[in-house]
Amino acid sequence: AGLEVSSKMDIKPGELRCPRCFKRDIAPSLSRGILDAIMKNWRRIPRHCRACGKRFYVAEEKVRALSI
(Lines give C-alpha, C1' and ligand atoms only; values in the text may rest on other atoms or scores of the structure.)
Protein backbone atom coordinates (compact mmCIF):
# COMPACT_ATOMS: atom_id res chain seq x y z
CA ALA A 1 0.00 0.00 0.00
CA GLY A 2 1.08 3.57 -0.58
CA LEU A 3 1.60 6.44 1.80
CA GLU A 4 -1.63 8.09 2.89
CA VAL A 5 -1.93 11.58 4.37
CA SER A 6 -4.65 11.94 6.96
CA SER A 7 -4.51 15.72 7.39
CA LYS A 8 -3.22 18.74 5.51
CA MET A 9 -0.26 20.68 6.93
CA ASP A 10 0.09 24.39 6.30
CA ILE A 11 3.86 24.94 6.05
CA LYS A 12 5.00 28.40 5.03
CA PRO A 13 8.29 28.90 3.13
CA GLY A 14 11.19 29.60 5.49
CA GLU A 15 9.30 28.42 8.56
CA LEU A 16 11.45 26.59 11.11
CA ARG A 17 10.02 23.13 11.87
CA CYS A 18 11.28 19.83 13.23
CA PRO A 19 12.59 17.56 10.44
CA ARG A 20 11.09 14.50 12.20
CA CYS A 21 7.59 15.52 13.36
CA PHE A 22 7.20 18.91 11.56
CA LYS A 23 6.04 20.71 14.71
CA ARG A 24 7.08 24.31 15.35
CA ASP A 25 8.02 23.89 19.03
CA ILE A 26 11.77 24.36 18.49
CA ALA A 27 14.21 25.45 21.21
CA PRO A 28 17.92 26.30 21.29
CA SER A 29 20.07 23.34 22.27
CA LEU A 30 23.22 23.56 24.37
CA SER A 31 26.48 22.86 22.58
CA ARG A 32 27.95 19.44 23.27
CA GLY A 33 31.15 18.05 21.90
CA ILE A 34 33.29 18.27 18.83
CA LEU A 35 30.48 17.96 16.27
CA ASP A 36 28.86 21.15 17.58
CA ALA A 37 32.22 22.93 17.32
CA ILE A 38 32.62 21.78 13.71
CA MET A 39 29.06 22.77 12.83
CA LYS A 40 29.59 26.19 14.42
CA ASN A 41 32.48 26.78 11.99
CA TRP A 42 29.98 26.12 9.18
CA ARG A 43 27.54 28.58 10.81
CA ARG A 44 25.11 25.87 11.94
CA ILE A 45 23.60 26.10 15.40
CA PRO A 46 21.98 23.28 17.38
CA ARG A 47 18.24 23.20 18.00
CA HIS A 48 15.91 20.56 19.41
CA CYS A 49 12.23 19.80 19.11
CA ARG A 50 10.31 19.91 22.38
CA ALA A 51 7.65 17.59 20.99
CA CYS A 52 9.74 14.61 19.84
CA GLY A 53 13.25 15.39 21.13
CA LYS A 54 14.98 15.39 17.72
CA ARG A 55 18.23 17.39 17.76
CA PHE A 56 19.31 19.07 14.53
CA TYR A 57 21.28 22.00 13.12
CA VAL A 58 19.94 25.17 11.55
CA ALA A 59 21.74 27.78 9.46
CA GLU A 60 22.58 30.79 11.61
CA GLU A 61 21.25 33.19 8.96
CA LYS A 62 17.86 31.46 8.93
CA VAL A 63 17.46 31.80 12.70
CA ARG A 64 18.42 35.48 12.55
CA ALA A 65 15.97 36.16 9.72
CA LEU A 66 13.12 34.47 11.59
CA SER A 67 13.76 36.42 14.80
CA ILE A 68 13.51 39.85 13.13
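These are my notebook entries on one predicted model.

**Ground rules.** I number residues from 1 along each chain as its sequence is written, and my side-chain values use heavy atoms, with hydrogens and water left out.

**Overall layout.** I looked up the helices (DSSP runs of H or I, at least four residues) and strands (DSSP runs of E, at least two), both numbered from the N terminus. The chain has two helices and three strands. In sequence order the pattern reads β-α-β-β-α. I then looked up burial, where buried means under 20% relative accessible area, exposed over 50%, and partly exposed in between (1.4 Å probe, protein chains only). Of the 68 residues, 25% are buried.

**Strands.** Which strands pair, if a pair needs at least two DSSP bridges? I found E1 (residues 26-28) joined to E2 by three bridges, running antiparallel. Pro-28 stands opposite Arg-47 in E2. E2 (residues 44-49) is also antiparallel to E3, with five bridges between them. Here Ile-45 faces Val-58 of E3. Five residues separate the strands in the E2 and E3 hairpin, where Gly-53 has a positive phi near 85°.

**Faces of E3.** I followed the side chains along E3 (residues 55-59) and found that they alternate.

**Core.** Which residues make up the largest nonpolar core? I used the rule that a core is a set of buried Ala, Val, Leu, Ile, Met, Phe, Trp, Tyr and Cys residues joined through side-chain atoms within 4.5 Å. The answer is six residues: Leu-16, Cys-18, Ile-26, Cys-49, Phe-56 and Val-58. I also listed contacts of Cys-49 (heavy atoms within 4.5 Å). Leaving out residues up to four places away in sequence, Cys-49 touches Cys-18, Cys-21, Asp-25, Ile-26, Lys-54 and Phe-56.

**Salt bridges.** Side chains of opposite charge can pair when their charged atoms come close. I counted a salt bridge when a side-chain nitrogen of Lys or Arg is within 4 Å of a carboxyl oxygen of Asp or Glu. The count is five.

- Arg-50 pairs with Asp-25, the closest N and O atoms being 3.6 Å apart. Arg-50 is in the loop between E2 and E3, and Asp-25 is in the segment before E1, 25 residues apart. Arg-50 is exposed at 55% relative accessible area, and Asp-25 is partly exposed at 36%.
- Asp-36 and Arg-55 meet at 2.7 Å, N to O. Asp-36 is in helix H1 and Arg-55 in strand E3, so the pair ties together parts 19 residues apart in sequence. Asp-36 is buried at 5%, whereas Arg-55 is partly exposed at 22%.
- Glu-60 pairs with Arg-43, with the closest N and O atoms 3.2 Å apart. Glu-60 is in helix H2 and Arg-43 in the loop between H1 and E2, 17 residues apart. Is Glu-60 buried or exposed? Glu-60 counts as buried because its relative accessibility is 18%. Arg-43 is partly exposed at 47%.
- Glu-15, Arg-17 and Arg-24 are linked in a network of salt bridges.

**One more helix residue.** Ile-38 lies in helix H1 (residues 33-41). Ile-38 is partly exposed, at 37% relative accessible area.

Methods:
This is a predicted model: local features need pLDDT of at least 70, side-chain atom pairs count only at pLDDT 80 or more; totals for chains, interfaces and linings use all residues. Two strands pair if DSSP finds at least two bridges between them.
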